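Here is a short report for a reader new to this structure. Look at the whole chain, then at the ligand.

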Amino acid sequence: MATTLAKAADGTEAATHAARIEHVSKSFAGPAGQQLVLDDITLDVAPGEFVTLLGASGCGKSTLLNLVAGLDAPSAGAISTDGRPALMFQEHALFPWLTAGKNIELALKLRGVPKAERRGRAEELLELVRLGGAHGKRVHELSGGMRQRVALARALAQESKLLLMDEPFAALDAITRDVLHDELTRIWRETRVSVLFVTHNVREAVRLAQRVVLLSSRPGRIAREWTVDIEHPRRIEDAAVAELSVEITEELRGEIRRHGQH
Ligand SMILES: Nc1ncnc2c1ncn2[C@@H]1O[C@H](COP(=O)(O)OP(=O)(O)O)[C@@H](O)[C@H]1O
Ligand SMILES: [Mg+2]
């Protein structure tokens with residue numbers, strides 16, 4: 001995929017964005033003809049930025065993320081990313097016949113990391129997601145939260161500039177989710193990876209992001225966006241997080257009222 005490069009003062013070229021979405025629309029063929037799902041979406045994710053894409057279910061969040069991932073093509077408009085993004089979904093999609101460590105090593109192998117280095121690197125990535133010692137564990141021996149940690153480690157193994165996350169914690173209980181929010185924030189700040197994180201959960205969006213982008217429904221359009229300048233570490237129950245969440249929820253309710261039931 002194409003990348004826009006800018007010459008820095010020292011002559012090196014740095015990407016100006018991790019993802020650039022320009023006037024993107026997407027339609028699917030449905031029983032009643034073409035259904036417009038995304039309408040004229042324009043959005044940039046800066047290098048190192050954490051953006052959450054928030055909207056009601058069915059508004060087109062996964063569709064947009066899949067387009068950015070290159071899994072599908074837009075009907076109109078253009079998308080470019082700085083290299084190939086890594087993906088993480090609600091379902092961990094780990095290979096059950098491989099151990100936690102081997103799942104990560106496979107991602108390293110696909111990236112061309114020499115065999116001799118893979119084991120050590122996988123151990124490091126497991127440490128990063130606080131699963132040191134879990135290398136030999138089978139997927140079925142791990143809890144839901146641990147599986148998502150392995151899935152995160154596997155995504156990070158790709159060393160992509162951009163991490164695309166589609167409701168990765170939605171199936172977890174609230175306490176596990178809260179712990180993983182902390183971990184993701186820590187890892188994002190340590191690695192400076194750019195993140196485009198999809199959720200329908202307003203508090204989660206505010207808890208994590210530097211910028212919250214609200215999508216409307218039917219068709220999905222950018223309704224509004226907020227810069228979140230609440231200091232880290234944030235907690236989901238912080239007054240500032242709650243206050244902004246109330247404001248965003250009001251806006252989201254308005255969107256849902258305008259565009260029918262969910
Ligand atoms: N491959 C497809 N073919 C037809 N319709 C689709 C396809 N993928 C998504 N849609 C439709 O697009 C809309 C948005 O879906 P989706 O992006 O999954 O929403 P969200 O992730 O916000 O819940 C839905 O109405 C869905 O039925
Ligand atoms: Mg979805």
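The report below covers the overall fold and the ligand site.

## Basis of the model

This is a predicted model: local features need pLDDT of at least 70, side-chain atom pairs count only at pLDDT 80 or more, and totals for chains, interfaces and linings use all residues. Residues are numbered from 1 along each chain as its sequence is written, chains are lettered from A and ligands numbered from 1 in the order in which they are written, and side-chain values use heavy atoms, without hydrogens and water.

## The chain as a whole

The protein chain has seven helices and 11 strands. These are DSSP runs, with helices (H or I) of at least four residues and strands (E) of at least two, numbered from the N terminus.

Of the 262 residues, 48% are buried, meaning under 20% relative accessible area (1.4 Å probe, protein chains only). The C-alpha atoms fill a box of roughly 55 × 45 × 45 Å along the principal axes.

## The ligand site

Which residues surround ligand 1? They are Phe 28, Gln 35, Val 37, Ala 56, Ser 57, Gly 58, Cys 59, Gly 60, Lys 61, Ser 62 and Thr 63. Each has a heavy atom within 4 Å of the ligand.

A polar side-chain atom of Thr 63 lies 2.6 Å from one. For a side-chain N or O atom of Ser 62, the distance is 2.8 Å. Cys 59 uses a backbone N or O atom, at 3.2 Å. A polar contact here is a pair of N or O atoms within 3.5 Å.

The elements giving two or more residues to the shell are β4 (33-45) and α1 (61-69). α1 gives the most, with three residues.

Note on methods
Polar contact = N/O pair within 3.5 Å; in protein donor to acceptor, adjacent residues only side chain to side chain. Buried < 20%, exposed > 50% of the residue type's maximum accessible area, 1.4 Å probe, protein only.
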